[in-house]
Amino acid sequence: MIKKILISQPKPTSEKSPYFDIASEYGVELVFRPFIKVEGLSAKEFRQQKVNLLNYTAVVFTSRHAIDNYFKLAKEMRVTIPEDMKYFCVTETIALYIQKYVQYRKRKVFFGSTGKIDDLIPTMVKHKAEKYLIPMSDVHSDTIKNLLDAKKLHHHECVMYRTVSNDFTQEEVKAFDYDMVVFFSTSGVKALATNFPDMKPEEICIGTFGPATAKSVEALGFTPALKAPTPEHPSMTSALRAYLKQNK
């Protein structure tokens, strides 16, 4: 019987989140606790990449973490970002977040609509003369690099932040009494293995989002009880609702 579920993500900021509806409808307790956290590189670490922020005329942001750490590093290194710097963001939400650091001007901020870099590239191609800098996490693929190479754009990828395990305290380990844990990344799964090395498959029910997450769970000897996305359940909340309904 599933009574208490650990969701390895931050608690939703909106009270209208489907998670709260699920908790009410099925009488389960949902606890939100990220297994991973983002940590910015120090100025000393970043300098080892030999990247001069002022050598670039545009920055491509794929997340708020990228924005935070770009401006944090600029401040630490006492680099003044030019007012005419252009910013290309994968969504409007990320673009609006730039206001936290600089005055928002539509003529220098561009954004896509799907959240995918593919959707942003046509706009970048229209500004072919720009020199693009792409802040990234330490864990990334060459997808962006390959796409920009194909369009012959002048660009450079650099690491500005990393994903690390958000370790559990001894008290949290002792009080771990969840019936189910829901994962959204391979990093989160690795954190489970680090914090609970002796956990047995029969002791916990696991839900996964994304094929890579599911594979990393299976590699530990666990079998996910529910996987998302699927054609029937494109979101984790949809998959979780269906699972609880079936196993009520």
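Trainee: Which exposed residues does the face of H10 turned away from its buried side carry?

Mentor: Lys245 and Gln246. Exposed means over 50% relative accessible area, buried under 20%, and partly exposed in between, with a 1.4 Å probe and protein chains only. Keep in mind that this is a predicted model: local features need pLDDT of at least 70, side-chain atom pairs count only at pLDDT 80 or more, and totals for chains, interfaces and linings use all residues. Residues are numbered from 1 along each chain as its sequence is written, and side-chain values use heavy atoms, leaving out hydrogens and water.

Trainee: And which residues of helix H10 are buried?

Mentor: H10 spans residues 236-246, and its buried residues are Met236, Thr237, Ala239, Leu240, Tyr243 and Leu244. They sit on the same side of H10, because they cover an arc of only 160° around the axis. That arc is taken from the directions from the helix axis to the C-beta atoms.

Trainee: Switching topic. How many salt bridges does the structure hold?

Mentor: It holds 10. A salt bridge is a side-chain nitrogen of Lys or Arg within 4 Å of a carboxyl oxygen of Asp or Glu. One of them pairs Glu25 with Arg241, at 2.4 Å from N to O. Glu25 is in helix H1 and Arg241 in helix H10, so this pair links distant parts of the chain, 216 residues apart.

Trainee: Which residue forms a salt bridge with Arg33?

Mentor: Glu172, with the closest N and O atoms 2.9 Å apart. Arg33 lies in the loop between strand S2 (29-32) and strand S3 (36-40), and Glu172 lies in helix H7 (residues 170-174), so the pair ties together parts 139 residues apart in sequence. Arg33 is buried at 13%, while Glu172 is partly exposed at 29%.

Trainee: What about Glu76 and Lys72, how far apart are they in helix H3?

Mentor: They are 4 residues apart in H3 (residues 64-76), about one helical turn. Glu76 is partly exposed at 39%, and Lys72 is partly exposed at 29%. Salt bridges that share partners also join Glu39, Glu45 and Arg162 into one network.

Trainee: Where is Val164, and what does Val164 touch?

Mentor: Val164 is in strand S8 (residues 154-165). Leaving out residues up to four places away in sequence, Val164 touches Phe35, Ile36, Lys37 and Glu39.

Trainee: Last one. How is the chain divided into domains?

Mentor: Domain 1 is 4-35 + 169-247, and domain 2 is 39-164. Those bounds come from an automatic or database domain assignment. The domain centres, taken over C-alpha atoms, are 32 Å apart.

Definitions and conventions
Helices (H or I, at least four residues) and strands (E, at least two) are DSSP runs, numbered from the N terminus. Contact means heavy atoms within 4.5 Å.
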